[in-house]
Amino acid sequence: MSKISPLQQARAAYAPKLPAALQKGAAVCVQEGEATTAVADVEKVQALFKSTFGSPVLTFAPGCGEKKAAINVGVILSGGQAPGGHNVIAGLFDGLKSLNADSRLFGFLKGPDGLVKGEFMELTADIIDAYRNTGGFDMIGSGRTKLETEEQFEAAKANCEKAGISALVIIGGDDSNTNACVLAEYFKSNNVGIQVIGCPKTIDGDLKNEWIEASFGFDTACRVYSELIGNIGRDANSAKKYWHFIKLMGRSASHIALECALQTQPNAAIISEEVAAKKMTIGQIVDDLAAIVAGRAAAGMNFGVALIPEGLVEFIPEIKVLIAELNDLLAANAEAVEAMDKNEKVAFAAGKLSAESAKVFASLPAGIQMQLCNDRDPHGNVQVSLIETEKMLAEMVGTKLKAMKAEGTFKGKFATQTHFFGYEGRCAAPSNYDADYCYSLGYNAAALIGAGRTGYMSSVRNTIKPAAEWIAGGIPITMMLNMERRHGADKPVIRKALVELDGAPFKEFAAKRDQWAKETSFVYPGPIQYFGPSCVCDLVTKTLTLEKGGSI
Ligand code: FBP
């Protein structure tokens with residue numbers, strides 16, 4: 001057996017809490033709500049999902065332990081890692097065993113690819129026990145293959161039938177759950193007896209809506225980043241000589257940056273959704289940051305902490321246009337560009353851009369110009385997550401402050417350190433919130449399977465309350481769909497949840513940020529607590545607390 005840490009050993013014994021409805025087993029009493037519709041584009045969604053559209057919202061109540069027939073179930077982890085994935089699988093395993101001890105669970109390997117290629121392993125009690133309450137997705141691996149073609153669906157069907165699998169649980173983000181919905185529809189409309197259930201995962205926190213109040217992993221990842229930000233804040237406040245520019249993962253939405261700001265009270269935090277709404281230029285963002293630095297310097301504080309969301313550049317309108325122009329330009333001249341070195345590419349791009357974009361391009365640091373010209377994904381798009389926005393802003397703010405110094409409007413010092421927190425948080429041992437929530441989501445998925453449903457997302461709500469009061473049930477995925485333009489075609493997708501500027505979390509941040517900028521009000525959250533009093537172990541994110549009408 002490989003060596004495990006003392007914490008992992010102790011944590012293995014943690015028994016995740018379950019909602020009251022699931023405490024007597026996954027054979028629940030099912031209460032059906034009204035028939036549902038789609039979030040928008042109802043007729044188009046209905047036409048595409050003839051067999052699964054309109055199913056009711058389900059709420060579970062404790063059952064009487066009724067035994068169900070034994071079944072084989074397959075599980076898939078899809079997309080980026082998020083703390084708690086193993087607990088979803090453990091909950092699913094325990095839930096299935098509560099329905100019938102002879103039921104078996106199979107894990108498809110390396111994500112949806114495993115389903116298409118028929119690569120899987122049986123997940124026995126020994127395997128499950130070794131992964132309880134651990135972070136990571138290493139039990140079966142994950143992948144980003146999209147399940148969307150009929151060939152893939154047919155291969156999935158054949159591979160499930162070979163293993164006698166009659167239900168699939170897909171653990172993923174908005175795209176993976178959209179694909180789960182499409183697969184459920186395909187199976188049902190073709191009379192294939194395989195149920196499909198989705199579970200909401202992503203540290204990004206952007207798979208949430210009226211019915212799914214959080215995606216798992218967000219809580220733990222934000223706590224890990226906030227611990228690190230707090231440590232940096234304390235270092236900054238001790239040494240008093242550096243400004244720390246910290247980029248935080250989260251792809252597009254700024255939920256992580258916002259939650260970390262609420263937890264740590266930095267001197268500045270940029271929220272991409274606000275930048276887009278105010279149509280801010282890169283120059284304005286730099287000016288605002290420089291003004292905060294200069295203001296603190298005038299008060300004798302040549303240090304600070306600034307948070308930057310990963311997806312920022314795509315939300316700055318002028319950079320979005322620039323990136324689109326660069327994508328087209330480099331794709332249209334792919335062969336010639338291939339032969340150029342980094343400097344030649346930059347010079348080539350600079351000479352071909354529209355006048356407006358050329359100006360924006362010229363205003364960016366040389367390193368960022370190169371990254372914009374070089375880092376492209378297989379679809380020919382700039383990989384924004386690889387752009388070192390934290391370095392870009394540190395450099396541009398430095399340049400602005402030099403100019404201000406020359407004018408006499410800045411008299412302080414400006415030395416920077418830059419950081420990127422992302423992978424550090426994705427595989428952390430799940431917090432109690434995520435351990436309990438994930439286990440409940442998995443157990444609840446077994447209840448949905450036991451209730452014979454398909455095309456549903458496992459839903460556990462009311463999670464700001466103690467677990468016994470959590471509401472377990474199922475939400476038809478079709479209910480969350482709308483039509484969006486993707487790769488030149490209208491596609492049904494689950495709407496991505498961005499930060500709402502009229503939502504309580506952003507309003508709380510906006511009301512406090514000026515004070516945080518001027519003063520040093522850092523909060524030091526410290527590491528996630530797994531053992532100890534409930535007031536430090538069973539925390540809920542500030543975002544969820546505020547969204548549910550609470551105060552922080
Ligand atoms: P998911 O949406 O699949 O959960 O992934 C989220 C994420 O961690 C983003 O925050 C980040 O931009 C991206 O994955 C990084 O992807 P990769 O793991 O491929 O580097």
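**Cysteines and helix packing**

A: The sulfur of Cys-160 lies 16 Å from the closest cysteine sulfur, that of Cys-199, which is too far for a bond. A disulfide is taken here as a pair of cysteine sulfur atoms within 2.5 Å, and the structure holds 0 of them. Cys-181 is likewise in no disulfide, its nearest cysteine sulfur, again in Cys-199, being 14 Å away. Both sites are covered: Cys-160 counts as buried at 0% relative accessibility, and Cys-181 is buried with a relative accessible area of 0%. Buried means under 20% relative accessible area, exposed over 50%, and partly exposed in between, with a 1.4 Å probe and protein chains only.

The model is predicted, so local features require pLDDT of at least 70 and side-chain atom pairs pLDDT 80 or more, while totals for chains, interfaces and linings use all residues. Residues are numbered from 1 along each chain as its sequence is written, and side-chain values use heavy atoms, without hydrogens or water.

Turning to the helix pair, H6 spans residues 150-162 and H7 spans residues 174-189. Helices are DSSP runs (H or I) of at least four residues and strands (E) of at least two, numbered from the N terminus. Two packed helices are described by the angle between their axes and the distance between the axes. For H6 and H7 the angle is about 70° and the axes are 11 Å apart; axes are lines fitted to C-alpha atoms over the stretch in contact, and angles run from 0 to 180 degrees between N-to-C directions. H6 and H7 are therefore roughly perpendicular to each other, a term covering 65 to 115 degrees, with under 35 roughly parallel, over 145 roughly antiparallel and the rest oblique. Their crossing is right-handed, meaning that the near helix is turned clockwise from the far one by less than a right angle, anticlockwise being left-handed.

From H6, the contact (heavy atoms within 4.5 Å) draws on Glu-150, Phe-153, Glu-154, Ala-156 and Lys-157. H7 contributes Val-182, Leu-183, Tyr-186 and Phe-187. By class, the residues of this contact comprise 6 nonpolar, no polar and 3 charged. Here Ala, Val, Leu, Ile, Met, Phe, Trp, Tyr, Cys and Pro count as nonpolar, Asp, Glu, Lys and Arg as charged, and the others, Gly among them, as polar.
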